[in-house]
Amino acid sequence: MTPLKRHGLFGVALLLGACAHQPVAPPPREPVVLPEPPAAAPITPSDTGSVAAPTITMPREWQHHNGEDYDDLFDRMRAGFAFDEVQEPAIDVQLAWFEHNPDYLERVFQRGQRYLYHIITEVEARGMPLEFALLPVVESAFEPFAYSRSRAAGLWQFIPDTGSRFGLKRDWWYDGRRDVVESTRAALDYLQALHDQFDGDWLLAIAAYNVGENSVQRELDFNRANGKPADFWHLRLPAETRAYVPKLLALKRIMAEPERYGLEFAVIPNEPYFAVIDTNSQIDLKIAAQLAGTSYEELVALNPGYNRWATDPDGPQRMLVPIDNADAFDTALKTLGPDDRVRYASHEVTRKETLATIAKQYGTSVAVITKINDLKGGKVTAGETLKIPQISGDLPDKVLLAAARVDRPETDVGGRRQRQIVYRVRGGETLSSIARRHGMPVSTLARLNNLGAQDTLVKGQRLVIKASARRFRDEGVVSGRRLLYTVRSGDTVYSISRQFQVSVTKLKSWNGLNEHHQIKAGQRLVMYVDPSRQQG
């Protein structure tokens, strides 16, 4: 189903169901596609001279409604828009990009409908302008696993230091920057603090959210000392920040009057998408999904803060569950004994065994066994009994990558920060060809650069390549010996996966394939195989 149409391109819009108690489930395993709007055009102040700090006058209908007066969540959001209209060339540049990329907005709001009701409700409760409900579009395209080169994570893209300042917990099990509820709370706290610091100027607050309050304050002080206007449009800020505020203002303009730009947004029901259920103790996410009667992928999308297969034993002791499944989950949870929530096997260490051999035997990692058993120095002795988690199935790539960032921070063996490798795209190159050259999965290269595996590259475009193939294998994203296979006539993805004893999902991920992509004779596929498991 399509929540958006562009007149003359999409035909008749298919509206999302607006039944009273039927939240719309986004399509499963949607690829993360985060195209980048254009960089800022040089900002030229309007002919009218200095632009005054924006004044906020809340619309009367927004002041008095209780959030239940709208059937459409978009209408509820529009009623709370409060920024004054600003005419600036930089906004027009961003507006043109959004207007000519309706597919991008379609993908973003398909993901975002899981989170929008909660975000709008939280912004509204604070009396803040509802334009802020659109900020995750600019920050992360509503992808909770989004991760930037500056190590910012989550819907609201908190870097570690700022996340810690605003109470976002991070440990081996959990990262609050990706937690939908906690990160939203922290982001609104931060924005309100910035609003107060900059004397009620929301545009300066938004700029500071992107580049940091010290940078904005320094430029403000310089302008004031030199008799220049002290507003966003006259500050000398980085190009990213000069584009950041116009992006949000352009997006607000499109959302306020989509028909003016030939767009029509289908209804998103104005009702909660999820409920928050107390679990009171740790629980395996796959077991939780079975109890709730929902898919594992859906539960991961609602609970992206967890780095592992289970919730954090030290809290938060709660899960977000689709609203229609909440009662069933709560009831089933109360009947589940502690030993059935997270399952462990016991292993007695024998002579000559190492953590590596034990981890291989149980299909887990040394890091997991070390953490679960609180081992010091990563060593075990004969006769020692270890707890081995019985992980129920493979973890999604997004969760594996999040765990890898915790297990192996971006440093080399000597503890020094690893240098970032930036690659400039040549004519005719694709993500697949570049990934093969650098010995890494296409899906990993795409995620590092906020791209989709099928995205087209432009000559001269820069890509971040953070590590070698060996490092990616060590992180658990891929494992085994790298092999290039030339497709023969009659081969299928399934037959190749059986021959080399790798999963279809991983084979597709390594090569940027999807269900619509047909392999051809002569095509070369990359895979990572365990030689001991190959069939003749």
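Student: Is Asp 175 buried or exposed?

Tutor: Keep in mind that this is a predicted model. Asp 175 is buried, with a relative accessibility of 7%. The cut-off for buried is under 20%.

Student: Which residue pairs with Asp 175 in a salt bridge?

Tutor: First the general idea. Side chains of opposite charge can pair when their charged atoms come close. Here the partner is Arg 177, with the closest N and O atoms 2.9 Å apart. Arg 177 is buried too, at 5% relative accessibility.

Student: How many salt bridges does the model have?

Tutor: The count is 18. One of them joins Glu 85 to Arg 253, and their closest N and O atoms are 2.7 Å apart.

Student: Which parts of the chain does the pair of Glu 85 and Arg 253 tie together?

Tutor: Look up where each residue sits. Glu 85 is in the loop between α2 (73-79) and α3 (89-99). Arg 253 belongs to helix α11 (residues 239-256). The pair therefore ties together parts that are 168 residues apart in sequence.

Student: And how accessible are Glu 85 and Arg 253?

Tutor: Glu 85 is partly exposed, at 46% relative accessibility. Arg 253 is buried, at 8%.

Student: Where do Asp 330 and Lys 334 lie?

Tutor: Both are in helix α14 (residues 326-334). They are 4 residues apart, about one turn of the helix. Asp 330 is partly exposed, with 25% relative accessibility. Lys 334 is exposed, with 66%.

Student: Now the nonpolar side. Which residues have the most contacts inside the largest nonpolar core?

Tutor: Read a core as a set of buried nonpolar residues joined through their side chains. The largest one has 75 residues. Phe 109, Tyr 209 and Met 255 have the most contacts inside it.

Student: Which residues does Met 255 touch?

Tutor: Leave out residues up to four places away in sequence. Met 255 then touches Phe 74, Met 77, Arg 78, Phe 81, Phe 109, Leu 134 and Phe 265.

Conventions. Residues numbered from 1 in each chain as written. Predicted model: local features only at pLDDT ≥ 70, side-chain atom pairs only at ≥ 80, totals over all residues. Heavy atoms only, no water. Salt bridge = Lys/Arg side-chain N within 4 Å of Asp/Glu carboxyl O. Helix = DSSP H or I, 4+ residues; strand = E, 2+ residues; numbered from the N terminus. Buried < 20%, exposed > 50% of the residue type's maximum accessible area, 1.4 Å probe, protein only. Core = buried A, V, L, I, M, F, W, Y, C linked by side-chain atoms within 4.5 Å. Contact = heavy atoms within 4.5 Å.
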